[in-house]
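Good morning, and thank you for coming. Please look at the structure on the screen while I take you through it.

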Amino acid sequence: MKTERYGASRIAYELWCLQEDRRSAGLPVQGLSTLIAELRVRHPRLKDVAIDQGVDLFLARLFEEHQQRLAHHQRWVTHWSRSSCAERLEEAL
């Protein structure tokens, strides 16, 4: 394996896969340090700089996913709270 083939995107994806493998196996995800340690075991030739860049991208994508879920949840809550308010107003009239 050549380390040049493992850019930040590939490393971020590997970290995501490790996380999802743990989830699907019913194991606790634990901390980022555990995922990085597992990545190092799988790919011992990766340089620290490459891993750091991959971790940065992994965390940025997790943050984006979290923001999207929050926005979706907020839209859902707003929609249902408006619907129930309108129904209560109709019932009161």
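Arg40 is partly exposed, with 35% relative accessible area. In this predicted model, the side chain of Arg40 meets that of Asp48 in a salt bridge, with 2.9 Å from N to O. Asp48 has a relative accessible area of 47%, so Asp48 too counts as partly exposed. In general, side chains of opposite charge can pair when their charged atoms come close.

Is Glu14 buried or exposed? Glu14 has a relative accessible area of 9%, which is under the 20% limit, and therefore Glu14 is buried. Arg10, by contrast, counts as partly exposed at 37%.

The other pair is Glu20 and Arg23, whose side chains form a salt bridge of 2.9 Å, N to O. Because they are three residues apart in helix α1, about one helical turn separates them. Glu20 is partly exposed at 23% relative accessibility, and Arg23 is partly exposed at 47%.

Let us now consider the fold. The protein has three helices and zero strands, and its pattern along the sequence is α-α-α. Helix α1 covers residues 8-24, and its 17 residues reach 24 Å from the first C-alpha to the last, close to the 24 Å expected. Just after α1, Gly26 adopts a positive phi of about 80 degrees.

Next, the interior. Of the 93 residues, 22% count as buried. In α1 the buried residues include Ile11, Leu15 and Leu18. The largest nonpolar core has 13 residues, of which Ile11, Leu15, Leu39, Leu46 and Ile51 touch the most other members. Helices α1, α2 and α3 each give two or more residues to this core. Which residues does Leu15 contact, leaving aside neighbours within four places in sequence? They are Leu35, Ile36, Leu39, Gly54, Val55 and Phe58.

Finally, the surface. The accessible surface of the protein is about 7,100 Å², and 55% of it belongs to carbon and sulfur atoms. Trp76, Val77 and Trp80 make up a nonpolar patch there, with about 330 Å² of accessible area together. Val77 lies in helix α3, residues 48-92, and is partly exposed at 37%.

Terms used. Residues are numbered from 1 along each chain as its sequence is written. This is a predicted model: local features need pLDDT of at least 70, side-chain atom pairs count only at pLDDT 80 or more; totals for chains, interfaces and linings use all residues. Side-chain values use heavy atoms; hydrogens and water are left out. Patches are made of residues with over 30% relative accessible area and no salt bridge: like charges are joined within 9 Å, nonpolar side chains (Val, Leu, Ile, Met, Phe, Trp, Tyr) within 5 Å. Accessible areas come from the Shrake-Rupley method with a 1.4 Å probe; for residues, only the protein chains shown count as cover. A salt bridge is a side-chain nitrogen of Lys or Arg within 4 Å of a carboxyl oxygen of Asp or Glu. Helices (H or I, at least four residues) and strands (E, at least two) are DSSP runs, numbered from the N terminus. Buried means under 20% relative accessible area, exposed over 50%, partly exposed in between (1.4 Å probe, protein chains only). The expected span of a helix is 1.5 Å times one less than its number of residues. A nonpolar core is a set of buried Ala, Val, Leu, Ile, Met, Phe, Trp, Tyr and Cys residues joined through side-chain atoms within 4.5 Å. Contact means heavy atoms within 4.5 Å.
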